[in-house]
Amino acid sequence: MARTALVTGGSGALGGAIVRRLRKDGLDVAFTFREGREASEVLARETGAFAVRADLTIRVEVEAAVRAVQDRFGRIDALVNNAGLTQVMPFALIEEEDWDAILDTNLKSMFLVTREVVRGMIARKTGVIVNLSSLAGHRLLDVPVHYATAKAGVSGFTLALAKELSRYGVRVNAVVPGLLEEGVGRMVPEREKVDYLAHCAAGRPGRMEEVAAVIAFLVSDAASYVNAQNVFVDGGI
């Protein structure tokens with residue numbers, strides 16, 4: 001029986017790359033989306049993945065989405081928490097609703113989805129969780145404060161959860177991408193891109209497929225001894 005992976009935020013550039021790579025590796029894949037229905041339907045047709053529309057900041061929608069995936073495939077063996085949101089804004093201009101939107105999408109959604117999925121993993125005493133963090137939560141960068149705060153929280157969530165779930169045979173890691181050609185990378189000002197590349201050993205932005213390959217490794221049995229790690233995919237900063 002094929003293993004099943006659930007990828008949140010599958011309609012974005014990175015989410016799509018993750019879905020494609022996991023399907024290429026032979027996994028059954030479901031992915032969630034909130035917006036971008038047309039792109040999600042195209043991805044589902046292209047890959048054979050199962051698309052589920054849900055607002056992951058709302059508990060009842062998370063419960064319904066996870067239940068739909070479990071009804072379709074029977075179980076969820078791997079969870080990739082990829083759903084995220086950013087907003088370019090100076091700290092002094094951030095409104096309370098801006099703060100809540102970024103923290104809810106990047107942190108609360110991860111909590112709600114993981115809590116719903118992990119119960120089955122605990123019962124089976126096996127499972128893998130990969131969370132998407134960001135250099136914004138680890139380095140001194142000119143980035144939005146609320147986004148950096150959320151992504152730093154992802155790493156704390158990862159480490160604490162890995163410790164708690166280790167007794168059940170469930171691995172939890174985070175992937176920390178650097179500057180990528182697509183997705184959030186398109187929002188980075190040109191001067192900051194130049195500065196990044198000047199300090200990057202690879203001398204170029206990363207590709208979505210390169211991050212997806214690392215996630216595919218962490219999800220696989222080949223990574224059975226990799227746990228509680230922040231895995232940087234940043235070209236060498």
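These questions and answers walk through a predicted model, from its sheet to its nonpolar cores.

Visitor: In what order do the 7 strands of the open sheet stand?
Guide: The pairing is parallel. Neighbouring strands are turned by 20° against each other on average, direction ignored. Read across the open sheet, the order is β3-β2-β1-β4-β5-β6-β7.

Visitor: Which strands stand at the edges?
Guide: An edge strand here has a single partner strand, so one side is left without a neighbour in the sheet. That applies to β3 (50-53) and β7 (230-233).

Visitor: What is the bridge partner of Thr-4 in β2?
Guide: Strand β1 covers residues 4-7, and strand β2 covers residues 28-33. The two pair in the parallel sense over 4 bridges. For Thr-4, the partner in β2 is Asp-28.

Visitor: At about what angle to β3 does helix α3 run?
Guide: Helix α2 (residues 37-47) lies across β2 and β3, at about 175° to β2. Helix α3 (residues 59-73) lies across β1, β2 and β3. Its angle to β3 is about 160°.

Visitor: Is the aromatic pair of Phe-50 and Phe-73 stacked or edge-to-face?
Guide: A search of the whole structure finds 1 aromatic pair. The ring centres of Phe-50 and Phe-73 are 6.2 Å apart. Planes over 60 degrees apart count as edge-to-face. The planes here stand at 75°, so the pair is edge-to-face.

Visitor: How many residues apart in sequence are the parts that this pair ties together?
Guide: Phe-50 lies in strand β3. Phe-73 lies in helix α3. The pair therefore ties together parts whose separation in sequence is 23 residues.

Visitor: Does Phe-50 count as buried or exposed?
Guide: The charged end of Arg-72 sits over the ring of Phe-50, 4.4 Å from its centre. The cut-off for burial is under 20% relative accessible area. Phe-50 has 18% relative accessibility, so Phe-50 counts as buried.

Visitor: Which element gives the largest share of the largest nonpolar core?
Guide: This core has 30 residues; Val-7, Ile-18, Leu-22, Phe-31, Val-80, Val-175 and Ile-215 touch the most other members. Elements giving two or more residues include β1, α1 (13-24), β5 (127-132) and α7 (208-219). The largest share, 7 residues, comes from α7.

Terms used. Residues are numbered from 1 along each chain as its sequence is written. This is a predicted model: local features need pLDDT of at least 70, side-chain atom pairs count only at pLDDT 80 or more; totals for chains, interfaces and linings use all residues. Side-chain values use heavy atoms; hydrogens and water are left out. Two strands pair if DSSP finds at least two bridges between them. Axes are lines fitted to C-alpha atoms, for helices over the stretch in contact, and angles run from 0 to 180 degrees between N-to-C directions. Contact means heavy atoms within 4.5 Å. Rings of Phe, Tyr and Trp (its six-membered ring) pair if their centres lie within 6.5 Å; planes under 30 degrees apart count as stacked, over 60 as edge-to-face and the rest as tilted. Buried means under 20% relative accessible area, exposed over 50%, partly exposed in between (1.4 Å probe, protein chains only). A charge sits over a ring if NZ of Lys or CZ of Arg is within 6 Å of the ring centre and within 35 degrees of the ring normal. A nonpolar core is a set of buried Ala, Val, Leu, Ile, Met, Phe, Trp, Tyr and Cys residues joined through side-chain atoms within 4.5 Å.
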